[in-house]
Amino acid sequence: MINTLLCSLVLATTQSVTAPTSVTPEAAMTQLRQLVAKSAAHASIVTIGRSWTGRPIEVVAIGADPSKSDTFPAILLVSGLDGSRPGSVSIAVAAVEHLLSTPELWRACTFYVIPCANPDAFAGPSLKWEGRANRSAHPIDEDRDGRIDEDQPRDINCDGAITMMRRLSPPASDPPTHMIDPGDGRLMRIPDATKDQRATHSLFVEGTDSDLDGSIAEDDFGGIDIDRNFPHRWSEFDRTAGAFPLSEPESQALAQFVLTHSRIVGALVIGRWDNLVKTPDSNGRDITGKTPLALDGADQSTWQEMGKKWRELSAQARSTECDPSGSLALWLYAHRGIPTFSTQAWGRPDASPPPAAAPPAPQPVPSDPAAPTAPPAPIAPIFPLEKPADEEAAAWLAWSDRDQSGRGFVPWVPFDHPTLGRVEIGGFRSGFRTDPPASEIARLGIAVSNFMSELAKRRPRIAWESVTAKAVGGGVIEVEAALVNQGWLPTATAMGKSNRQSPPVIVTVSVPKARILAGQRVTLVDALAGAGGRRSFRWLVTALQSEPITIEARWEPGETQRLIITGTTVTLPAEIAR
Amino acid sequence: MKHMHLIAGLLSITIHTGTAWSQQQLPGKVDIAWNRFYDDTEVLRIAQSLVAAYPNLLTIEEIGKSALGRPLIVVTLNNPHTGAANTKPAMWIDGNIHGNEIQATETVLYSIDYLCRAFGKVAPLTELIDQSVFYFLPSVNPDGRANWFAAQNNSHSSRTGMRPTDEDRDGALDEDGPEDLDGDGSIGQMWRKDPLGTHRRNLRDPRILESVPTEPRPDGTIEHGDWSHAGSEGIDNDGDGQVNEDGPGGYDMNRNWPSDWQPVHVEGGAGDYPLSYPETRSIALWILAHPNIAAGQSYHNAGGMILRGPGADYRESEYHAGDRNTYDSIASAGEEMLPYYRSMVIYKDLYTVHGGFVNWLAESLGIISFTNELWSDKRILQNGNDPSPEEMTRWRDRLLFEQTTTEWKELPHPEFTTVLVGGGNKWSRRIPPPFMLEEEAHRNFAFTAFHAQQMPLVRFHSIAIEPCGEGLWTITIDIANDHRIPTRTVRASDKRIGMADRLTVSGVDLTVLSGGPMPQRLGTTFEPVRFNPESLMIESGIPGLGHRTFRFIVQGTPRSSATIKFSGEKFKTIEKTITLSPKP
């Protein structure tokens with residue numbers, strides 16, 4: 001209790017050091033509501049569900065007339081899924097602001113934006129450990145002891161962050177697993193036996209053994225990772241993935257929104273998985289052999305092209321590897337067939353070049369472990385001759401040191417732990433490697449908006465071409481026509497075609513079946529490829545005198561295209577009043 | 001209801017005479033005929049009547065609604081005098097997830113009725129009721145059942161739930177179902193007239209359509225029949241050139257469960273996501289809230305099978321040898337009790353199933369569970385063989401008096417010009433004739449009772465107390481499980497499903513210094529846990545028909561008492577208080 005009280009006092013004084021790098025999700029959502037209120041003619045906001053604790057999950061619809069948003073092809077943006085990425089909410093709000101300034105697009109399309117799909121993940125304890133900051137508030141009993149959330153990570157040394165603890169020469173009951181990386185004394189690594197390296201330390205998440213079961217900080221706040229709770233490649237016995245797919249109110253709300261909005265022709269998810277900076281491997285199949293792990297080979301070129309576009313728009317050059325099992329983006333693509341792109345929105349920036357030959361500096365150790373830590377000076381590696389094992393972590397450290405005043409890493413400091421004895425506490429600050437600086441939010445919002453606009457511009461658009469009708473005698477008319485996709489995206493992804501979830505184009509001839517001598521009265525076209533993909537039709541029809549024959553191509557997300565044949569006269573869609 | 005009370009009153013006079021019991025005639029308080037089938041409203045009424053008649057044992061609750069708003073009911077059978085329902089091991093029994101598999105429901109209802117009738121009169125069943133709990137869900141799919149009874153169907157149709165579905169992807173829901181063209185109340189088979197037909201009517205018995213040999217005659221000419229199969233009775237309602245391709249519903253709720261669920265391009269009818277139907281979701285949430293369920297049975301039809309998972313070959317290794325032994329020992333008893341039933345593994349002996357219900361119980365929840373496919377055509381001849389078409393016809397003529405067939409009729413058809421419609425009606429296949437229903441229900445109930453009798457029953461086999469120093473004592477506890485099902489299946493402990501069993505030692509003036517399992521029951525050493533020795537978490541539980549031994553070192557005085565408690569999700573907690581004396 002004393003420790004907690006002390007920490008809260010210290011926190012108040014160190015707020016400026018640990019202040020979040022971007023606006024809070026809550027503030028961003030307030031800003032969003034103000035934006036929508038100002039643009040009520042073109043935007044509306046609707047609650048589509050509630051989180052575990054009852055917070056609203058809201059969708060903004062942007063279009064020429066929000067009351068008719070369901071009648072247009074739609075592009076969906078989902079953000080705020082991952083609690084370790086609070087900036088993603090702000091990015092989505094910035095994207096809404098920018099989208100509202102592009103009326104030429106939303107006259108033909110609807111943009112749905114769900115900026116904060118997992119609102120509880122941004123609530124809860126003010127400090128979280130980065131490895132578990134992604135979770136919803138649905139509590140789970142991680143250690144199966146019948147108690148909930150009773151052993152959470154804590155900022156026990158009151159430095160304003162929950163980081164890691166390393167213990168040198170642990171006892172036999174806690175065998176060492178790591179050693180200090182010779183390449184950079186701030187990083188820990190698994191020893192390399194080929195170099196005769198030995199483990200010296202054990203690692204723990206910062207906290208105590210509150211429930212006295214021998215494990216440290218093992219039953220954290222909340223528990224379900226919403227973006228692992230979707231059906232494709234759901235992790236069955238991973239408690240953080242939920243009791244069953246779509247077990248959570250947040251994932252249910254998202255799924256029901258998608259299932260009841262069949263005009264969504266493209267989606268972008270901002271979250272932990274990237275499939276834009278790096279196009280996913282399209283070779284792997286799941287255990288049934290019938291569903292790709294991430295991407296069907298026949299869809300790969302679409303993802304490559306859109307990835308190129310995203311890199312242009314966002315200038316994002318790097319992304320973090322991540323297992324997308326159970327993610328919303330995988331489900332939207334693999335089970336719903338929707339072309340779904342997923343981005344972390346921001347990747348590790350380049351660090352400035354190192355200063356010329358700075359002398360190695362020892363790692364600073366504060367004399368009083370409880371004292372607030374000032375932003376440390378950039379630290380040079382202790383053993384500069386060897387490259388750190390974790391090059392990615394080392395690169396983040398370089399950016400932190402050289403460009404961010406060292407704010408990304410809390411230096412290791414000694415601490416007397418109540419059960420572990422002497423430890424050191426330190427490590428990356430939560431969110432540093434996942435959330436962009438505040439100065440980047442507006443730019444990334446515009447990039448997201450432009451990417452959605454690009455998807456809208458490239459949406460499938462079907463049209464009739466090369467239509468002819470000629471009399472072949474005896475009152476029989478031969479009609480030929482080609483149904484063409486004038487958009488860049490296919491009407492169905494290869495995945496949507498194989499899983500039969502993308503809506504087909506339904507071509508119907510208005511005359512009774514008995515008078516269609518050749519050709520089908522109803523034809524389902526599973527997919528028209530992008531950029532001019534076509535399907536030719538030929539019918540022989542017994543026409544009654546002056547009876548108009550309507551040939552209709554109905555594709556659920558888009559506008560129905562009709563042809564009217566009267567005798568041998570063809571009336572094209574442009575000439576038919578809507 | 002008044003009438004029902006009257007009957008109950010009359011019967012109560014006879015039930016204490018004793019003579020009826022020895023003849024296995026167990027009078028009941030509700031008069032239910034077990035030689036007939038019941039539609040969904042009758043099922044509900046029977047369940048309610050049973051609950052009203054046996055308030056000391058039965059309670060009923062609505063756990064959700066079907067897609068069309070029918071109640072999903074669970075009847076709990078528990079003797080409250082031996083403990084609350086959630087303190088005992090429970091058996092889940094359901095039926096009729098496929099709407100056409102109707103006798104599953106009668107079997108569930110029969111089980112409730114028989115257990116209530118037997119309670120207090122039949123010792124083994126009274127003991128079973130006192131030790132355990134039953135959760136019965138008579139019909140998982142009341143919409144499909146209602147449709148099967150009320151609408152024109154065949155033995156195979158109305159398997160689905162009744163949420164309108166667009167099977168032919170034309171944007172319209174359920175717009176091209178079958179039609180009863182000959183007005184016999186069933187959807188029979190339809191044959192189109194075809195001079196190059198594949199079939200002809202048997203000369204001796206024109207009710208039999210037989211295939212024409214495809215091999216040319218000796219003179220090289222090819223023989224043709226008059227009829228070709230055209231599916232089930234109906235027309236092309238939506239003008240798309242297909243007949244009956246988008247009927248009522250159009251999915252399979254027994255492919256909608258989370259364990260190895262796969263989307264519809266892999267598993268037809270699986271739904272948009274696991275538990276996407278109100279029926280499956282309500283049931284799953286209810287089962288998850290009842291971790292005391294230790295055994296499961298889901299009745300289906302047909303084929304005479306006692307099925308266990310896995311449903312797919314790649315999950316074979318998820319049934320560990322220890323669990324397989326438990327399954328096999330129960331199923332082999334079933335093979336004896338159920339003539340012409342075979343113990344089978346779903347993927348290997350039947351077909352691949354992803355997202356099946358018993359697979360979810362077994363693989364996700366670690367519950368020993370079976371699906372029984374009720375009724376086998378082998379019961380017709382009762383000689384172990386399936387009947388030939390001619391034998392089947394004779395059965396229908398001589399035992400069923402033609403009640404399950406409709407005479408073939410030639411009818412005009414908008415697509416096929418002339419069709420032949422008729423044959424077996426919806427009562428003709430998959431379900432027993434009424435006169436055999438009670439036997440089918442009883443044998444399956446008995447098998448399920450045997451299964452329930454295997455749910456874990458633990459006891460302290462021995463508790464030995466020895467002094468081991470000044471004020472120090474060892475307490476060695478041997479726990480036995482007298483039934484076949486372990487307190488934690490291998491699956492449950494392997495995947496850390498639910499809560500581990502827990503053995504605690506507590507007492508005033510008593511401190512537990514150390515505690516842990518003994519690797520060998522008769523050994524001298526034990527494996528002390530590092531933390532909380534007074535409360536051991538026993539992940540792997542107590543094996544079926546087996547023992548495990550634990551040792552504690554406690555500090556106390558010779559007068560200190562120690563309370564030893566062994567608890568877990570799937571058995572009744574046992575507790576014993578001892579004093580620290582070598583001879584308790």
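Two residues are taken to be in contact if their C-beta atoms, placed from the backbone, lie within 7 Å. The structure is a predicted model, in which local features need pLDDT of at least 70 and side-chain atom pairs count only at pLDDT 80 or more, while totals for chains, interfaces and linings use all residues. Residues are numbered from 1 along each chain as its sequence is written, with chains lettered from A and ligands numbered from 1 in the order in which they are written.

Confidence in chain A comes first. Its mean pLDDT (the predictor's confidence in each residue, from 0 to 100) is 90, and 90% of the residues of chain A reach 70 or more. Residues 1-6 of chain A stay under 50, with two contacts beyond four places in sequence. Residues 8-21 of chain A are also below 50, and this stretch has 15 contacts in the model beyond near neighbours in sequence. Where pLDDT is low, the predicted coordinates should not be read in detail.

Turning to the interface, 31 residues of chain A are in contact with 27 residues of chain B. On the chain B side, 13 are nonpolar (Ala, Val, Leu, Ile, Met, Phe, Trp, Tyr, Cys and Pro), seven charged (Asp, Glu, Lys and Arg) and seven polar (the others, Gly among them).

Within chain B, helices H8 (residues 321-337) and H13 (residues 434-452) pack with their axes 10 Å apart, at an angle of about 155 degrees. H8(B) is therefore roughly antiparallel to H13(B) (an angle over 145 degrees). H8(B) contributes B:Ile330, B:Ala333, B:Gly334 and B:Met337 to the contact, and H13(B) contributes B:Arg443, B:Ala446, B:Phe447, B:Phe450 and B:His451. By class, this contact has six nonpolar, two polar and one charged residues.

Note on methods. Axes are lines fitted to C-alpha atoms, for helices over the stretch in contact, and angles run from 0 to 180 degrees between N-to-C directions. Helices (H or I, at least four residues) and strands (E, at least two) are DSSP runs, numbered from the N terminus. Angles under 35 degrees count as roughly parallel, over 145 as roughly antiparallel, 65 to 115 as roughly perpendicular and the rest as oblique.
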